[in-house]
Amino acid sequence: QVQLVESGGGLVQPGESLRLSCAASGSIFSINDMGWYRQAPEKQRELVATITSAGSTVYRFSVKGRFTISRDNAKNTVYLQMNSLKPEDTAVYYCNAQVRSTWYSAGYPYWGQGTQVTVSS
C-alpha cells in the first residue's frame, strides 16, 4: 500500500504565500507523474499543476506565474509553492501520485487526504 500525506495548508490573506508538501510512503518502486488538484465547495475537482519524474511541468492557466510545482525524487515528495494568493484559490488541495510498486507494474493513482487553503481578508 501507498500513503500520501499532505501538509502546509492554512488561512492567509490575499497576496500572501503558502507552501504545500506531499510525501509518499509505502510500497514504492518509482513514481511517474505527481500533481496537485483542488476542489472548492460545490465545484468539481480541478487540476492545478503536474510534474513528471523528469521535471516537466503543466499548470492551470489561472495559476501560471503565481504557483510553482517541484519534486524531490529521493524523498518521494512533491511541493506546491503558492504566491500572490487570491480568494478564488480557496479550496481543499489534494496531491496525486502515479506510483509503480514493482518494476513490472504500471503506475497506479493514489490521492492524499486533502489540505484546506483559505484566502480571505
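Select strands β9 (residues 91-100) and β11 in this predicted model. The two strands run antiparallel, joined by 3 bridges. Zoom in on Val 92: Gln 116 of β11 stands opposite.

β2 pairs with β11 in the parallel sense, over 3 bridges. Pick Leu 11 here; its bridge partner in β11 is Thr 118.

Stay on β11, residues 115-119, and show the side chains. In a regular strand, side chains alternate between the two faces of the sheet. Which residues of β11 make up the covered face? They are Thr 115, Val 117 and Val 119. Gln 116 and Thr 118 form the uncovered face.

Next, the aromatic rings. The whole structure holds 3 aromatic pairs. Select Tyr 37 and Trp 111 for one of them: the ring centres are 5.0 Å apart and the planes meet at 65°, so this pair is edge-to-face. Tyr 37 belongs to strand β4 (residues 30-39) and Trp 111 to strand β10 (residues 108-111). The pair links distant parts of the chain, 74 residues apart. Tyr 37 is partly exposed, at 21% relative accessibility. Trp 111 is also partly exposed, at 38%.

Move to Tyr 108 and Tyr 110. These rings form an edge-to-face pair, 5.1 Å centre to centre, with 65° between the planes. Is Tyr 110 buried or exposed? Tyr 110 counts as buried, because its relative accessibility is 16% and the cut-off for buried is under 20%.

Finish with two charges over rings. Select Arg 45 and Tyr 94: the charged end of Arg 45 sits over the ring, 3.8 Å from its centre. Then select Arg 19, which lies over the face of Tyr 79, 4.1 Å from the ring centre.

Methods. Residues are numbered from 1 along each chain as its sequence is written. This is a predicted model: local features need pLDDT of at least 70, side-chain atom pairs count only at pLDDT 80 or more; totals for chains, interfaces and linings use all residues. Side-chain values use heavy atoms; hydrogens and water are left out. Buried means under 20% relative accessible area, exposed over 50%, partly exposed in between (1.4 Å probe, protein chains only). Helices (H or I, at least four residues) and strands (E, at least two) are DSSP runs, numbered from the N terminus. Two strands pair if DSSP finds at least two bridges between them. Rings of Phe, Tyr and Trp (its six-membered ring) pair if their centres lie within 6.5 Å; planes under 30 degrees apart count as stacked, over 60 as edge-to-face and the rest as tilted. A charge sits over a ring if NZ of Lys or CZ of Arg is within 6 Å of the ring centre and within 35 degrees of the ring normal.
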